[in-house]
Amino acid sequence: MREGYSLLTRLGECTIVVERPTREHPPAAPDTVLAAIAEWPLDERDDRAIQRAIRQADGIPYVFGRIKIVPYPGELEPFGIKISKDRLTACLVPWAMAPLQLASPDPVHHALQAAGVGVGIDTAAIDALVGRRITGPVVVARGARPIPGADARIELLEPLALEDPARPGHAVEPATVLAWIEPPKPGTPGQSVTGDEMPAPPGRGVDLGPLVGPGTALSEDRTALLSEIAGHVALLPADSAAPAAPNAIAVRAPVELRRLARRSIRGHAEIRCRRGEVTLRVDPPAEGEKPVEAAQVLRELDAWPLDRRDSALIARTIEEATWEEVVVGQFEPSLPTSPDALFALKVNPETSVAYALPWAIFPAPPIPAEALNRALEAAGVRVGQREQAFAQLSRGLWTRPALVADFSLIRLQVGTLDEAREQALKLLGGTPAEIEVVVEKEEKTGFLGRGPKILHVQARRKRIIPRVDGTYLLLCERGKLMLVVTAAKGGGTPIGAETVLEEIRNWPLDARDEESLTLTVRKADGVPAAVGTLSPAEVGGSPPEDAPLAVKIAADAMSALLFPWATERVEATPELVRSTLSRAGVKAGFGDEAIASATREPLDRPVLIAIGKPPVAGTDARVHYDVEGLREPGEERGSLDGNEADGADGADGADEATGRRADGATGRTSEGTKAAEPTSGTAGTRTAGEAPRQARAKRVDYRDLGNEPTVHPGMVLLTKTLATPGEPGFNVRGEALPPQPGKDVSLDRLVGANVAISDDKLHLVAQGTGVPTRVGGKVAVLPLYRVNGDVDFRIGNIAFDGNIVVSGDVRPGFKLKATGQIQVHGAVEAAHLEAQGDIRVGGGIVGQGKGTVRTVGALMARHIHSADVKAEGLIRVDGEILHSTVTSNNRIQVGGRIVGGLIRAQMGVSARILGATTGARTRIQVGWMPGASLAKQPRSTAPASGKTKEAEPVIQAQQICPEVYLWIRGATLKIDALRPGATFREEEGDIREGIA
């Protein structure tokens with residue numbers, strides 16, 4: 001034993017034995033064991049078994065791995081050859097003899113030759129094995145591993161430093177090579193132990209694309225980075241959003257370097273007003289400093305008398321912050337203004353204000369008060385001059401519009417209010433209804449105040465704010481969805497967030513920021529805000545940066561949206577739209593009408609441009625019952641589709657929801673004492689109006705069962721309608737979408753006794769005379785055994801290959817067995833009934849603790865007392881079940897109450913009342929697992945038998961009494977007190993109660 005442990009391999013099973021540590025043998029270490037088996041060609045390895053063996057150290061062998069050799073060496077071979085999965089090693093593995101001792105190396109060489117190993121055989125290692133005790137795999141051959149090639153690398157013209165405007169890098173001329181690629185080198189191929197060549201992975205290439213910065217470009221073959229302009233070269237700082245990306249290389253022109261050197265620490269915005277244009281320049285901040293806010297710029301411009309303002313362009317200019325001068329607004333002067341005028345005048349009659357604005361020179365020079373007064377008089381403004389503004393404009397340079405007059409308010413000294421209104425109307429203009437006059441004070445004149453009064457009056461023209469509803473605008477630019485919202489004015493209707501959400505709800509956005517959308521709608525400040533992202537779908541990657549349009553293809557490729565990419569609004573042409581669709585791989589689902597709709601107006605938002613056509617699934621084959629005896633009561637041609645026909649034996653004789661009868665109603669004859677006799681349905685054919693009569697409360701009177709239908713040879717019992725193949729579709733990529741064909745129905749599975757398939761394979765026809773019956777999922781024509789009266793000692797037990805009809809009762813102790821259905825018009829008293837079809841008992845089942853009823857189909861009875869009843873299909877009882885054992889693999893439906901006994905149904909139990917107020921012990925079980933007992937049901941949170949939630953087993957009742965025990969899939973619940981009804985389900989191992 002080595003280091004306190006030993007390893008052994010025999011018949012492919014690898015074991016480890018660890019002895020308790022002693023002075024001679026220290027404790028075994030897991031790392032030592034794992035190193036010892038590192039080259040073992042294990043197909044399975046359990047490290048936990050090794051740790052367990054070391055931890056226990058009890059001298060017991062622990063299996064920690066297995067080695068599989070193909071072909072299997074057999075139980076007598078002393079060793080085998082195992083080639084590793086990568087085919088780079090071959091190992092000698094002790095097999096039947098463990099430990100193994102070799103007398104000669106020849107058997108090993110022969111085994112290697114037989115295994116196809118001819119390369120890298122270690123002869124010295126094999127010779128060293130002779131006479132040595134071998135307990136585990138030993139490497140006897142090694143192949144040559146392939147050596148990967150060297151990766152390509154990027155070489156720079158010279159070492160570059162990060163960009164610093166104060167210390168420019170070295171100067172370069174246009175077309176100077178700044179960086180180039182040293183190409184990758186191929187690797188050296190390897191060879192497996194079986195002689196196969198193993199290709200070497202080539203060296204990986206590199207891409208100069210991430211290094212392209214301002215003023216640089218790639219060569220045509222993309223192997224060199226060139227300067228585009230004359231300037232200074234430097235490395236740009238790494239992108240904080242992508243720290244793993246390399247530093248790009250930029251070439252800056254001298255003028256740009258000077259601009260960078262002038263940058264302020266914080267972001268800076270400069271607004272200029274010159275010759276009717278308002279321009280904006282934005283300087284970005286230093287790292288970590290505060291940038292310019294669009295809301296700040298917009299608030300400043302709110303006070304300017306602009307005729308047009310582009311809020312979206314303002315936001316984009318601030319975001320780009322390139323210090324480029326951008327025209328973001330305009331105004332038209334109220335008076336004709338020469339190109340060299342020092343200022344212009346803008347008068348707004350609606351708000352009764354006048355502004356002076358810089359015109360030919362920025363900043364504007366001082367303006368004399370006389371020049372301003374002359375301009376105001378020329379514009380018709382004679383009142384409301386603001387002396388403070390006049391003084392400010394006359395003192396020095398000015399750069400912003402100045403409010404120089406507010407002619408909505410004047411002060412007058414008049415004798416009467418009518419005189420004040422008349423003068424105010426002349427001075428302020430407007431209509432009499434718009435003039436408001438307020439007396440500030442009253443002054444008396446003359447001796448002792450007896451002269452005429454002078455009124456000091458303030459007159460104001462009401463400012464009429466027009467009603468303007470709020471507006472919103474959705475813009476797309478390079479995958480960003482921007483929202484611009486303006487506020488309502490004058491009592492207009494504001495924009496609601498739900499209005500915007502409703503428009504973009506069906507857009508295939510990659511992400512939608514509802515929080516930002518709601519905040520933007522609430523602020524309504526005209527500042528664009530990003531509310532979503534929309535990534536394009538292009539063949540070979542994203543569209544070019546200057547591409548005007550892009551396309552978004554839905555995940556299922558059934559629709560495509562066209563949206564702006566490089567600009568907010570695009571004057572799209574049909575040719576541009578078609579080329580964009582072609583670039584994105586959209587080949588179908590659009591036409592001239594869709595393209596014309598997309599190009600009718602400038603495109604500023606996503607529009608649906610192409611729609612695929614989904615395939616139309618084929619209809620399943622169906623079978624229609626042509627004979628009344630095979631249909632449901634009142635059913636117009638009963639049918640069975642492909643899904644039902646391919647289920648468990650087709651129709652199982654009873655529909656789980658409606659209690660479908662397997663063969664229709666059977667006949668009834670007048671009672672008498674005539675002996676029972678077999679018959680072939682001579683009672684005549686039943687008509688559709690002879691179905692069992694139902695009361696208004698939908699209770700079925702099982703005593704009135706109608707007559708048995710009779711068929712004759714050659715009559716069509718069932719007709720098959722063929723499945724249809726469906727219609728193919730296509731997606732917007734032009735790929736065909738095959739339809740799902742309808743499922744076929746095999747009539748072979750429906751063929752029963754005395755029934756055959758027609759030559760055209762579309763019909764089932766009768767081969768004899770008898771009653772058409774559905775038994776065990778098949779259609780059969782069976783003879784009829786009729787008993788006119790009771791089954792007693794006069795008749796005896798009956799076992800009949802067909803249907804049995806008893807017009808009276810079945811007396812205690814007697815047995816009825818039929819391969820078809822059994823119908824008893826009277827009662828079943830402590831008797832034994834067994835049928836392959838349905839069993840229908842008009843007068844109820846009274847078992848007296850002895851009677852049993854068994855059927856493969858469904859069972860219908862008026863009541864069940866003290867009986868043992870079992871059916872594969874539905875059990876429906878019109879009255880009550882008392883102290884009985886009733887089992888169904890489908891459902892049990894009881895119109896009355898269930899008292900005592902054991903009621904078991906795989907799919908559900910429903911009754912009006914469960915239990916009795918006297919506390920009779922009543923057990924109800926649904927959804928049991930196959931092979932499990934009532935007391936030991938496994939708990940499960942999954943629906944039984946893979947059924948959906950709608951098909952989960954439930955227990956329903958309108959009232960539940962004490963001593964009622966409920967079992968649902970192993971979960972249990974005991975009812976201890978009288979309570980109203982409910983619906984019970986199993987959820988997560990417990991029984992949950994819902995509304996009945």
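Modeller: Glu 270 and Arg 272 join their side chains in a salt bridge, 2.7 Å from N to O. The term means a Lys or Arg side-chain nitrogen within 4 Å of a carboxyl oxygen of Asp or Glu. Before we go on: this is a predicted model, where local features need pLDDT of at least 70 and side-chain atom pairs count only at pLDDT 80 or more, while totals for chains, interfaces and linings use all residues. Residues are numbered from 1 along each chain as its sequence is written, and side-chain values use heavy atoms, with hydrogens and water left out.

Colleague: Is Arg 272 buried, partly exposed or exposed, and what is its relative accessible area?

Modeller: Arg 272 is partly exposed, at a relative accessible area of 29%. Buried is under 20%, exposed is over 50%, and partly exposed is in between, with a 1.4 Å probe and protein chains only.

Colleague: How many salt bridges does the structure hold?

Modeller: The count is 36 salt bridges. Side chains of opposite charge can pair when their charged atoms come close.

Colleague: Give me another pair. What does Glu 44 bridge to?

Modeller: Glu 44 pairs with Lys 68, and their closest N and O atoms are 3.7 Å apart. Glu 44 sits in strand β3 (residues 44-45) and Lys 68 in the loop between β4 and β5, so the pair ties together parts that are 24 residues apart in sequence. Helices (H or I, at least four residues) and strands (E, at least two) are DSSP runs, numbered from the N terminus. Glu 44 is partly exposed at 38% relative accessibility. Lys 68 is partly exposed too, at 47%.

Colleague: And Asp 809? Which residue does its side chain meet in a salt bridge?

Modeller: Arg 811, at 4.0 Å from N to O. Shared partners link Asp 790, Asp 809, Arg 811 and Glu 829 into one network of salt bridges. Arg 811 is partly exposed, with a relative accessible area of 29%.

Colleague: New topic: cysteines. How many disulfides?

Modeller: The count is 0 disulfides. The rule asks for a pair of cysteine sulfur atoms within 2.5 Å.

Colleague: What does Ile 845 touch?

Modeller: Leave out residues up to four places away in sequence, and its contacts include Val 828, Val 853, Leu 859, Ala 861 and Ile 864. Two histidines, His 863 and His 865, are also among them. Contact means heavy atoms within 4.5 Å.

Colleague: Where does Leu 235 lie?

Modeller: Leu 235 lies in strand β15 (residues 231-235). At 16% relative accessibility, Leu 235 is buried. Among the residues Leu 235 touches are Leu 160, Leu 162, Glu 163, Asn 247 and Ile 249. Pro 246 is 11 residues away from Leu 235 in sequence and 9.6 Å away in space, C-alpha to C-alpha.

Colleague: What about the surface? Which residues make the nonpolar patch?

Modeller: Ile 154, Leu 156 and Val 206 make a nonpolar surface patch of about 190 Å². Patches take residues with over 30% relative accessible area and no salt bridge; like charges are joined within 9 Å, and nonpolar side chains (Val, Leu, Ile, Met, Phe, Trp, Tyr) within 5 Å. Areas come from the Shrake-Rupley method with a 1.4 Å probe, and for residues only the protein chains shown count as cover. Leu 156 is in strand β8 (residues 153-156). Leu 156 is partly exposed at 35%.
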